[in-house]
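Hello,

Here is the structure I promised to pass on. Please open it first, then read my notes below.

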Amino acid sequence: MKKFSFMLIFATFFQVVFAGGLTLQIQIIGISGKTLQNATERLKNLQTMVAQPLSISNLQTFYNEAPKNVKASLEPFGYFHPKVSSQLKKNNNTFVAIFVVNHGPVTLITSSTIQLDGPGQYNQVLLKVLQEAKETLSVKKQLNTVAYEKIKQEFYTQAETQGYLKGYFSEHLISVDRSKNTAIIKLTFNTGPQYYFGAIYFSKNPMSIDFLKRYVPFQSGDAFSSQKLMTLQNNLAGTIYFTQVNVTSNINKAKDYYIPIDVKLVPAKAHKYSFGLGYGTDTGIRGSVGLEWRRATRTGNYFQTLMQVSEKQNNNLQARYIIPGKNPITDYKALTAGIFTNEPGNNGNRYTTEQIGINYVKLINQWQRILSLQLQHENFKVNDVNSESNTLLPGISWEKFSSNNRINVNNGYRMYFNLQGGLVAQNTNASFLQAEFQGKYIHSFDHENNRILLSTDLGTTLVKNFAEMPLSQRFFAGGAQSLRGFDYQSLGPGRYLALGGIEWQHRLFCKIYGTVFYNAGNAVENLPFSFAQAAGVGVVYRSIIGPIEITIAHPFNQPFQFNRHGLMVQFSMGPDL
């Protein structure tokens, strides 16, 4: 009778399948946590295999097979006698399969013998794994074969990091008595001999061997680790000096357990030229020309120069001579020189700055610290008054990123602190001390369909005579990367800076997001602040070079009309952080 009723349901709604299509929902009742997660994944896989595309016949097959799959999904957690009752309901074109689970008695561990054997049996890293294994699989604990397999993999993984490349399990057994709901575990890991890094051989290339050794994260005689070998590969591949890097080891060539390392390098071209053309609402049409001399010396020094010209502001020519540090991956010195021109705000203010300096960059506990000393000569015009200054600028900054990918960030943040002084020659009243903090936080949720972006920029300046302070060192606000809804650097110049923004992005399809945002702030000469505000909407495309964003913003304190004081369309592109 039950079978007849079940088939009758299918027969009754058979025509609906073709008219409107079917959907299937699954509900599992009676279990939770990892057991529920495993059962859910098992049914999802079953649905994919036997119920796609969804039809009456496929749905019946899925419904018949599902209870067996639910029972099987519970066995890794020590439940060998579960009971599963099922029910199928229909609501319009949606079928709901309900599975009520009683997992039954649990299987407990009654005997657990876990041992470490071989030359590495006293290795501290492996002893820690052994202790954790004994705690996880101790007597009276619930049998969990998932945890058991993870422990086995952890033995292999940690043994490999310690140079025990031929470790193996001389004994690995789980004996289950289903009638008594008991289990016996026996696990013995033999480390085998320990291997070490041998000599490193670099293929013929233009760089100094002593310089290349700075990229090596190990020394000959250290315990062998494929992870460190991969680090060496990535370190060299991430430089500008080579187009191909291939780091290999051959255990069969080991002598007395010392494995030689071969590093094959294909040098990059000595010179690289770059050309760029783009457009931004802040700059208008812009172009750039660059040259990179990658091998100024065999010890890794290189030279970069870049000229940028834009339709509106920010024309500059700059050069850097880079001297890699003891750890060339993170530390270096840079000798810099440049000429910069700008007309902030389009109100007649402008400056031309010639600058030389030196920067010392070092990574300390995931913070990039930059010590800088700059000497600049500047001609500037503010409120139709022409001025000139020579300024020595000592400074220190700290910057930290938390993200695997700064270009397109799902979750991460950036923090930047800068403190600098300005010693203005022959005008002590214009000498200053300045501090600034920038922060940005990005969080994605709902399977990256939604993103929240928070940002802030705060700055303050101590100076006796603000009117004589070099214009390039004053604060400005406004623009697509600062305060949307306002022209580029149209707010300021200011002694104080305060900016804040919040943005919500929602995926429309593929890599296209819709966005709404609100930002407020200003750059003012005197306190208290008068905050400019703007809100708007836009469209974001998350490209391989970073988000490309087109927004329409309206300042709150401007009349709602289509002119430069009303709605403003702005375009921006570049990395998230």
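**What I found**

Helices (H or I, at least four residues) and strands (E, at least two) are DSSP runs, numbered from the N terminus. This is a predicted model, in which local features need pLDDT of at least 70 and side-chain atom pairs count only at pLDDT 80 or more, while totals for chains, interfaces and linings use all residues. Residues are numbered from 1 along each chain as its sequence is written, and side-chain values use heavy atoms, with hydrogens and water left out.

E16 (residues 367-382) and E17 (residues 385-402) pair in the antiparallel sense over 15 bridges. Two strands count as paired if DSSP finds at least two bridges between them. His377 has Asn390 in E17 as its bridge partner. E17 also pairs with E18 (residues 412-424), again antiparallel, over ten bridges. There, Glu399 stands opposite Tyr416 in E18.

**The three-stranded sheet**

Three strands make an open sheet with mixed pairing, in the order E1-E3-E2. E1 (23-29) and E2 (83-91) are the edge strands; each has a single partner, so one side of each is left without a neighbour in the sheet. On average, neighbouring strands here are turned by 20° against each other, direction ignored. E1 pairs with E3 (residues 94-102) in the parallel sense, over seven bridges. Leu24 stands opposite Phe95 in E3. Helix H3 (residues 33-50) lies across E1 and E3, at about 155° to E1. Axes are lines fitted to C-alpha atoms, for helices over the stretch in contact, and angles run from 0 to 180 degrees between N-to-C directions.

**Cores**

The largest nonpolar core has 24 residues. A nonpolar core is a set of buried Ala, Val, Leu, Ile, Met, Phe, Trp, Tyr and Cys residues joined through side-chain atoms within 4.5 Å. Buried means under 20% relative accessible area, exposed over 50%, partly exposed in between (1.4 Å probe, protein chains only). Leu212, Leu236, Phe242, Val263 and Leu265 have the most contacts inside this core. E7 (196-202), H7 (209-212), H8 (226-237), E8 (242-249) and E9 (258-267) each supply at least two of its residues. E9 gives the most, with four. Another core, of 22 residues, lies apart from it; Ile31, Leu43, Val84 and Leu88 are among its members.

**A helix pair**

H5 (residues 124-136) and H6 (residues 145-161) pack at about 175°, with their axes 10 Å apart. Contact means heavy atoms within 4.5 Å. Among the residues that make it are Val125 and Leu130 of H5 and Ile151 and Phe155 of H6.

**Two glutamines**

Gln473 sits in the loop between E20 (450-463) and E21 (475-477). Is Gln473 buried or exposed? Gln473 is buried, with a relative accessible area of 12%. Beyond its neighbours within four places in sequence, Gln473 is in contact with Gln376, Leu393, Gln420, Phe432 and Gln434. Gln153 lies in H6. Gln153 is partly exposed, at 47% relative accessibility. Its C-alpha atom is separated by 66 Å from that of Asn349, 196 residues apart along the chain.

Best wishes
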